[in-house]
Amino acid sequence: MTKILENLIDLGFVRVSFYVCEMKFSSDEFIIDKEYDLKLRNKIEAFKRNTSIKYGLQLTMITTYGVKNNKYSSIIGNQIMLEDLFDA
């Protein structure tokens, strides 16, 4: 079944998104610097290698106050902040 699904994804018949989540606590917006950007990229590559998932991967950051917008923050596909988890 897995091979059939992989073939359908490869051919473009099925669109699937996989979310890799990274959680960080910070007393302010979380800042991604060059070093941390490399760590995130390595984690994504390791995930791809170990799961054979090649398509539809998005990095989601779960943080206290969000991610500060800078030249390294573009790696983030989605953000979830503390207020999102507890907002009614």
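Apart from neighbours within four places in sequence, S73 is in contact (heavy atoms within 4.5 Å) with I32, V67 and K68. The model is predicted, so local features need pLDDT of at least 70 and side-chain atom pairs count only at pLDDT 80 or more, while totals for chains, interfaces and linings use all residues. Residues are numbered from 1 along each chain as its sequence is written, and side-chain values use heavy atoms, with hydrogens and water left out.

**S73**
- S73 lies in the loop between β2 (57-63) and β3 (78-81); helices (H or I, at least four residues) and strands (E, at least two) are DSSP runs, numbered from the N terminus.
- S73 counts as buried because its relative accessibility is 11%; buried means under 20% relative accessible area, exposed over 50%, and partly exposed in between (1.4 Å probe, protein chains only).
- The side chain of S73 makes a polar contact with the side chain of N69 at 3.1 Å; such a contact is a pair of N or O atoms within 3.5 Å, where, within protein, one must be able to donate a hydrogen and the other to accept it, and residues adjacent in sequence count only if both atoms are side-chain atoms.
- The S73 side chain also reaches the backbone oxygen of N70 at 2.9 Å.

**L82**
- L82 sits in helix α3 (residues 82-86).
- L82 counts as partly exposed because its relative accessibility is 38%.

**Whole protein**
- The protein has 3 helices and 3 strands, in the order α-β-α-β-β-α along the sequence.
- Of the 88 residues, 26% are buried.
- Among contacts with a separation of 6 or more, 60% join residues 24 or more positions apart.
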